[in-house]
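Dear colleague,

Please find the structure below, followed by a short account of what was found in it.

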Amino acid sequence: MFGLASRKKLRSRGVMGMNQRNVAFIAQYNDRKLYPNVDNKLKTKRLAQRHGIAVPELLGEVEIQHGVEEIFATLSEHQGFCIKPAKGSGGKGILVVTKIDDDGFHKASGELVDHDYIVRHISNILAGLFSLGGSPDVAMLEALIRFDPVFDGLSHQGVPDIRLIVFQGYPVMAMLRLATLASDGKANLHQGAVGVGIDIKTGAAVAAVQHNQIVTHHPDTGRDLSEIKVADWRALLELSASCYEMSGLGYLGVDIVLDKNRGPLVLELNARPGLAIQIANQMGLLSRLREIENLDRVRPPNCNERVDYVLRHF
Amino acid sequence: MLLILVLVVLGVSHIFHRHVNDGVPLTPGQQIAIWQVEAEITFTGQGGSVTATFALPNDPNFELIEEFTASPAYGVSVERDDENSRVVWSKREASGRQTMYYQGSFKLARAAPKPNSETPPEPVSIPTLAEPYQSSAEAILALAVAQSGNQQTLVTQLIELLDSENQNLAMLRSRLSRTETFVHLLQMAEIPVNLVRGLQLEDGRRNQSLIPLVRMYVDGEWMLRNVELSSLDEALPLLIWLEGRPALLDVEGGENSNIRFAISEQRISALQDANQVLQGSEASIGLYNLPIAEQNMFKGILLLPLGALVVVFMRVIVGVRSSGTFMPILIAAAFIQTELLNGLIGFVTVVAVGLMIRSFLSHLNLLLVSRISAVVIVVIALILLFTIFAFQLGLTEALTITFFPMIIMAWTIERMSILWEEEGGREVLVQGGGSLLIAVLAYLMMDNDLLRHWAFNLLGIHALIMAAILLMGQYTGYRLLELQRFKPLSE
């Protein structure tokens, strides 16, 4: 009735619901005191650099209102940049400037904005407009990601990123998120971005969904989504798996972008990754999560061993 | 799990205690009857010292609430012991007509006393009547025994014989009243029997006297029968005033004594009655001892757990998204003041107009704190404006819009506006609609008379709500809306 799935069927397919995620995984495997490691992107970045995990380069940070003007000197040295709130969530408050010239600043959307616009945006970040709970925040400036041409024609404006769920250090599921016109250049699935399920063993597309419906081609560019195969998949798995040691979180969402020059970079970590990845992969998370929960190990396996396990068993 | 169990036990036992021991009714507006019985005692004093002893009722089916006596210059004492209660008036010198009053208020006892049927009392041996009455009595009894099979039918036969034209009966009745005859015959038949006198409680009756009744032990239980010609109205409660044969009134030093009863009925709220009992007791530390203003405040506050229950249910079990976790409860609390329709129209209008003005404010590029402060002022201005308009148009119902918490409205507008900019109008409708849906459901719960009554007067309900919330907090199954969301996965 009303297009509802039967509970029994969902359970038999191992689909995880929000309540179960919250109680049985996030509350159980994610120590609350470790949350700042991922909720504060500046902290994540420093931590990643210490662990030798590749991340987009940090150009600068603004902590106080009168520090805003000082960063323009830094900005002018770069072709493009990205301004983010350190404690933002869900992609809120991210400003991407792809080109700076005499006309002003060119946003990723093609819009041309002036110096004051940038200042206001940073002021909003500092006031806590984008942060969780509205607490005062820090603005961070990152080098622009020159995304890998393999994804050309796959994304409307925004950078396509790969979301992996890493459970106790094992990457269990992956999804490529493509911005669309409908999602306004954002990679949020519930806003209409396309989610492409990626086979965790090979890096090849398995299925794609938009608005909960199966799609085969990108709605804006018309590119066939089934052709997608992420190159050097093992490196990506290793990168995501290594975020476990770095963050200490047992149930982790890792967002990775592919940079033309630097290869896979960790964009951000998420202590409460969403469940849409199950729809994109057309399978539930639970069977893999339970398999890893039941692993009997003498000593904690290292990153390589975990990736080996994933490639052999899933 | 243990905690939930403890909470359930605590809640249920508290409600049980409040209901059974304190008599707090389970539904609001329940009333109980209070019977005011006034006995007017008159006699003529003979000029010497006078002692009037008036027996008081000792009926386990009734509870005495309060009593008064009134008498001109008499010393009064009320004596109570397990067996008898009485009021004694005394005066050194009294002559002429004396009048004194006793007034008692009674209500039906909550806990019905156990039927007094443990051990059958021994039949008392009675003095034989003088002849020819004794022979007559024996003849009647023999006749009744012959026509009956057991005690039950014997009693029926005796009552029938009382109404018959029997010669022997006429003989007895020349000396004894109907009831006395009946009692005597039963005693001869060795049926334990007691003469009692009771008062029928009917509102507005005056000049009543006690009605003689027969209480007898037949087939293992006590039963009460009226054998007088004036029949009892079974529907009216009967207050047993005297049991056995003590005198109702005993006047020493007076004559021509007379007693008249007047009865009036009062109806009071059962809740009020229960709380009066509580206040009278020593352990009267509680909600009802607070000043009325504080009590009224708690009447509101104690509704919030109901709202919280709705929020938890809608979010955890159904999966409705709302903007702000507990904002819906605050909106619902405001709805209680404004009535639902007024509240809904008022809230949606203020938020909609507020959103428009907020979109203008976002062009000014203000810092967050000042922008929200500006929105607060805008909300106040809007509410003021609406109220003035409504008053001019004579829409007094719309005046209640002032009950909405302004800061909450301002935050709602701010949050909705950011949501609009970042996630689009659809998300605003989803979350705004979700909030209103939860608010309306919470309002319907919080405005329900029965639930309001429980929330304030039977505090144990809050332990039950807590248990339900804890229980839902452990629910790891699918939310109702997830069944729709994950539909593509079940195919």
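Two residues are said to be in contact if their C-beta atoms, placed from the backbone, lie within 7 Å. This is a predicted model, in which local features need pLDDT of at least 70 and side-chain atom pairs count only at pLDDT 80 or more, while totals for chains, interfaces and linings use all residues. Residues are numbered from 1 along each chain as its sequence is written, and chains are lettered from A in the order in which they are written.

Chain A is divided into domain 1 (7-41 + 149-313) and domain 2 (57-143); such bounds come from an automatic or database domain assignment. The centres of the two domains, taken over C-alpha atoms, are 27 Å apart. Eight residues of domain 1 of chain A are in contact with nine residues of domain 2 of chain A.

A nonpolar core is a set of buried Ala, Val, Leu, Ile, Met, Phe, Trp, Tyr and Cys residues joined through C-beta atoms within 7 Å; buried means that 20 or more other C-beta atoms lie within 10 Å of a residue's own, also placed from the backbone. The largest such core has 144 residues, and A:Val166, A:Val196, A:Ile256 and A:Val266 have the most contacts inside it. Both domain 1 and domain 2 of chain A give residues to this core, so it lies between them. Another core, of 44 residues, lies apart from the largest one and includes B:Phe62 and B:Leu185.

Yours sincerely

Notes
A residue is buried if 20 or more other C-beta atoms lie within 10 Å of its own, exposed if 12 or fewer, and partly exposed in between; C-beta atoms are placed from the backbone.
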